[in-house]
Amino acid sequence: MGKPIIIAPSLLASNYAKIGDEVSKAIYGGANWLHMDVMDGHFVPNISFGADIIAAVHQTNDIFLDTHLMISNPQQYLESFIKAGSDLITFHIEANGDPQVTIDTIKSAGCQVGIALKPATPFEAILPYIAQLDLVLVMTVEPGFGGQAFMTDMLDKISEAKTYRDEHNLDYHIEVDGGIYQDTSKLVREAGANVLVAGSACFKAPDFGDAVKALRG
Ligand code: DX5
Ligand code: ZN
């Protein structure tokens, strides 16, 4: 039996002038998680938002917060993102610091942990840590911006992550992130992904609920 499909709309694509309403729209529209794209303008050439926004969403809503740290020095900020109420924190294997220390810090706080791979980073890069992970994030765009085109050559990496999980009796989620719409959702689900991040496909859709249903297939 495969893992359940989880739809995680990215708040990056929401209307920041009315974030509260946007979060309510996501929850009402059937989102399972809320994907929180944190960018520092250094690891990626864009700045988004920090722990205070995550705390504000956490204090006023009951939805699983999937924090994606696109920052150079994750260890420096883990405490604030944990305190803000993140349920899962994903950091990039390409970021600074010892990944084992980052994993230990996140898990010791009772938070789930994921590692993200940029498109150019091979799946093998995370093998030393993979047995400890709750989630593997295969970026299907270059991190930094929403609204980019899906990179079809990432499908092999998704399949690799699934094969490795099944052959080693592991249980991590396989999350994909970037350019996920109804058509690409089918491709990534067939390749083995079960957590679909979608920013534009959800928050720019005429009907949020219909967009979520279309992603589920
Ligand atoms: C990009 C972010 C993605 C992005 C997804 O760095 O990690 O989550 O916001 O946006 P869409 O779904 O519009 O490609
Ligand atoms: Zn993301």
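How many aromatic pairs are there?

Analyst: Keep in mind that this is a predicted model. The count of aromatic pairs comes to four. One of them joins Phe123 and Tyr164 edge-to-face, with 5.7 Å centre to centre and 65° between the planes. Phe123 sits in the loop between strand 5 (112-117) and strand 6 (135-139), while Tyr164 belongs to helix 5 (residues 155-167), so this pair ties together parts that are 41 residues apart in sequence. Phe123 counts as buried because its relative accessibility is 2%, and the cut-off for buried is under 20%. Phe203 and Phe208 make another edge-to-face pair, at 5.1 Å between centres and 75° between planes, and both of these residues are buried.

Rings meet charges here too. Lys118 lies over the face of Phe43, 4.5 Å from the ring centre, and Arg165 has its charged end over the ring of Tyr172, 6.0 Å from the centre.

Now the nonpolar packing. The largest nonpolar core has 59 residues, and Leu11, Leu34, Ile126, Ile158 and Val188 touch the most other members. Helix 2 (residues 51-60) gives this core its largest share, four residues. There's also a second, separate core of 12 residues, with Ile6, Ala8, Leu88 and Met139 among them. Back to Val188: leaving aside neighbours within four places in sequence, its contacts are Phe150, Leu155, Ile158, Val176, Ile180, Ala193 and Leu196.

Last, the metal. His35 (NE2), Asp37 (OD), His68 (ND1) and Asp177 (OD) coordinate the zinc ion (ligand 2) at 2.0 to 2.3 Å. The site is octahedral, with six donor atoms and angles of 69 to 173° among them. Of these residues, His35 is buried at 0% relative accessible area, and Asp37 is buried at 5%.

How values were computed. Residues are numbered from 1 along each chain as its sequence is written. Chains are lettered from A and ligands numbered from 1 in the order in which they are written. This is a predicted model: local features need pLDDT of at least 70, side-chain atom pairs count only at pLDDT 80 or more; totals for chains, interfaces and linings use all residues. Side-chain values use heavy atoms; hydrogens and water are left out. A nonpolar core is a set of buried Ala, Val, Leu, Ile, Met, Phe, Trp, Tyr and Cys residues joined through side-chain atoms within 4.5 Å. Buried means under 20% relative accessible area, exposed over 50%, partly exposed in between (1.4 Å probe, protein chains only). Helices (H or I, at least four residues) and strands (E, at least two) are DSSP runs, numbered from the N terminus. Contact means heavy atoms within 4.5 Å. Donors are N, O and S atoms within 2.8 Å of the metal (3.2 Å for Na, K and Ca); water is not among the atoms, so sites may look incomplete. Four donors count as tetrahedral if all angles lie between 85 and 135 degrees; four count as square planar and six as octahedral if opposite donors are over 155 degrees apart and all others between 65 and 115; anything else is irregular. Rings of Phe, Tyr and Trp (its six-membered ring) pair if their centres lie within 6.5 Å; planes under 30 degrees apart count as stacked, over 60 as edge-to-face and the rest as tilted. A charge sits over a ring if NZ of Lys or CZ of Arg is within 6 Å of the ring centre and within 35 degrees of the ring normal.
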